[in-house]
Amino acid sequence: MKIVCIGGGHGLSHMLSAIRPHCAELTAIVATTDNGGSTGKLRQSQDVVALGDIRRCCLQLADSDSLIHQVFHHRFDGGELNGHSLGNLALLSLTQQTNSATQAVAWFNAMLGNSETILPMSDEPTDLLAVMSSGIKVFGECDIDLQEELPDYLTLSQDVNAAPGVVKAIENADMLIIGPGSLITSVMPAMLVEDIAKAVQQTSACRLFIENIAKEASVIKSLDMQPVDWLEGMLGYRFCDMSISLDALSEIVSHFDDVVKSPNQQHDIEQLSNVFGEILKMPLSLEAEELVSSNQTLRVS
């Protein structure tokens, strides 16, 4: 089975580890609009796409006991490099040498010995832009997250093309998994790229949306409706065939609640793997009525 995952943050990286045992071909399409931390500093000074979530996904799939994993995982403390990850700097170097974020990620991933494909959503830098009910425009993920109310509209600061290979991966997928992760900063960015939006709408793959496992401290905490409904309203198109809530995940894995309540871990890879082991056994051709009647928390869009 060919599985393509779209997202960012910790959710996507842990999802990749959980899904890897269940598929023959795995591709991740990573959001590149983060403007905080080490990534934000590099973006501001070097005019590149966000590299942090890409680094996190690549390292998550690599052998954690290997020397190269430990080296690229290192974060500097003090001086001009304070807060920077060596993995981010390596990706920046490769991007400047190849003039292509996509090629840079491919080289970085190969250095780590990964067979999975990691793709940036675009090779071109862009940022999230929110328009509030007052008409005020808020630039960048960090400032958007600090708002007290949800935006009326979200877009990209400039239109960008999907990175090479992204559209083809979506078109050829058997299953497309969107999330889990922050709705605004992890899920939405790639879905706002026109080429990706068209591919998501036209693909014959089963499109599965996973709600965020961890509670968000961002502006999304004020959301008073189902995440899938809010996302479809903001995007203006239907992006999934099924959406799975946290309650549904809890029913699929009997002790999942114990994992969610743990304050020290947002995503448990073993439990996520169990979840997808069960989900991938489900016949994708089930009628909507059968799914709804068997599990009210498993929604078919």
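**Salt bridges and a helix pair**

R43 counts as buried, its relative accessibility being 10%. The model under discussion is a predicted one. The side chain of R43 meets that of D127 in a salt bridge, with an N to O distance of 3.0 Å. R43 belongs to helix α2 (residues 37–46), whereas D127 lies in the loop between β3 and β4 (128–131), so the pair ties together parts that are 84 residues apart in sequence. D127 is likewise a buried residue: its relative accessible area is 10%, and the cut-off for buried is under 20%.

Another of them joins E116 and R20, whose closest N and O atoms are 3.7 Å apart. Here E116 is in the loop between α6 (101–111) and β3 (117–120), and R20 is in the loop between α1 (9–19) and β2 (25–30); the pair therefore ties together parts that are 96 residues apart in sequence. As to accessibility, E116 is buried, with a relative accessible area of 12%, while R20 is partly exposed at 32%.

The side chains of E194 and K198 meet at 3.3 Å, N to O. Both residues lie in helix α10 (residues 194–202), where they are 4 residues apart, about one turn of the helix. K198 is partly exposed, its relative accessible area being 43%. Elsewhere, salt bridges link R207, R238 and D241 in a network.

The discussion now turns from side-chain pairs to helix packing. Two packed helices are described by the angle between their axes and the distance between the axes. What are these values for helix α9 and helix α11? The axes of α9 (residues 183–191) and α11 (residues 227–235) come within 11 Å and cross at roughly 45 degrees. The crossing of α9 past α11 is right-handed.

Which residues form this contact? From α9 come L183, I184, V187, M188 and M191, and they meet P227, W230, L231, M234 and L235 of α11. By class, the residues of the contact of α9 with α11 comprise 10 nonpolar, no polar and no charged.

Methods. Residues numbered from 1 in each chain as written. Predicted model: local features only at pLDDT ≥ 70, side-chain atom pairs only at ≥ 80, totals over all residues. Heavy atoms only, no water. Axes fitted to C-alpha atoms, helices over the stretch in contact; angles between N-to-C directions. Helix = DSSP H or I, 4+ residues; strand = E, 2+ residues; numbered from the N terminus. Left-handed = near helix turned anticlockwise from the far one by under 90°. Contact = heavy atoms within 4.5 Å. Nonpolar A, V, L, I, M, F, W, Y, C, P; charged D, E, K, R; others polar. Salt bridge = Lys/Arg side-chain N within 4 Å of Asp/Glu carboxyl O. Buried < 20%, exposed > 50% of the residue type's maximum accessible area, 1.4 Å probe, protein only.
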